[in-house]
Amino acid sequence: MSEDTIKLLKECDAGCKMATDSIAQVEKYAEKEALKKLLDQYQKKHEKLKEEITEQLQKFQKEEQGPDKLASAFAWITTEMKLLMKDNSHQIAKIMMDGCNMGIQSVSEYLNQYPQASQESKSLAKKLVETEEMFMKELKKFL
């Protein structure tokens, strides 16, 4: 088992955790039923991916990796401030799309950074990127 596989899986795990935390944070502000359903749908998709990633990490007896504490705190505060000033579907979509974009960039970067990772871990990382891309696409109708 290469170190690249473990590192890639840990980064994907942290990305899924950041996504689920962010979705949970904005859900309470969503007023449109269609947006609530979309957020719930992608919350479940991220949770399912996180389970698959956790399963792979457990095979190697490696602990999950949460997102960076400082980055999480900053993201939470920024989101709360934006939603307090303007708590509508448009703002939620923009916040979520920004998060998706960051996720796509970071996971894609990790895919390139860890070339010796297993095909299974690379497949999970690509699945995470595809999930983020689809989420962004579906959020566009709320802009």
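View 1. Cys16 is buried, at 0% relative accessibility; buried means under 20% relative accessible area, exposed means over 50%, and partly exposed lies in between, for a 1.4 Å probe and protein chains only. The closest cysteine sulfur to that of Cys16 belongs to Cys12 and is 6.9 Å away, too far for a bond. A disulfide is a pair of cysteine sulfur atoms within 2.5 Å, and by this rule the count is 0. Cys100 is buried as well, at 2% relative accessibility.

The model is predicted: local features need pLDDT of at least 70, side-chain atom pairs count only at pLDDT 80 or more, and totals for chains, interfaces and linings use all residues. Residues are numbered from 1 along each chain as its sequence is written, and side-chain values use heavy atoms, with hydrogens and water left out.

**View 2. Confidence along the chain.** The predictor's confidence in each residue is its pLDDT, from 0 to 100. The protein chain averages 86, and 80% of the residues score at least 70. Confidence is lowest in helix H3 (residues 69-85), with a mean of 56. It is highest in helix H5 (residues 119-139), at 97. Helices (H or I, at least four residues) and strands (E, at least two) are DSSP runs, numbered from the N terminus.

View 3. Side chains of opposite charge can pair when their charged atoms come close. A salt bridge is a side-chain nitrogen of Lys or Arg within 4 Å of a carboxyl oxygen of Asp or Glu, and the count by this rule is 5. In one of them, Asp13 meets Lys50 with N and O 2.8 Å apart. This pair links distant parts of the chain, 37 residues apart: Asp13 lies in helix H1 (residues 3-27) and Lys50 in helix H2 (residues 33-59). Asp13 is buried, with a relative accessible area of 1%, and Lys50 is buried at 15%.

View 4. Lys17 forms a salt bridge with Asp21, with the closest N and O atoms 2.9 Å apart. Lys17 and Asp21 are 4 residues apart in helix H1, so about one helical turn separates them. Lys17 is partly exposed, at 31%, and so is Asp21, at 34%. In helix H2, Lys48 and Glu52 are also 4 residues apart, about one turn of the helix. The closest N and O atoms of their salt bridge are 3.1 Å apart. Glu52 is partly exposed, at 23%. Lys48, Glu52 and Lys127 are linked in a network of salt bridges.

**View 5. Aromatic pairs.** Rings of Phe, Tyr and Trp (its six-membered ring) pair if their centres lie within 6.5 Å; planes under 30 degrees apart count as stacked, over 60 as edge-to-face and the rest as tilted. The structure holds 2 such pairs. Tyr42 and Phe135 are stacked, because their ring centres are 4.4 Å apart and their planes are at 15°. Tyr42 lies in helix H2 and Phe135 in helix H5, so this pair ties together parts 93 residues apart in sequence. Both residues are buried. Tyr110 and Tyr114 are also stacked, at 6.2 Å centre to centre and 10° between the planes. Tyr110 is partly exposed, at 21%, whereas Tyr114 is buried, at 9%.
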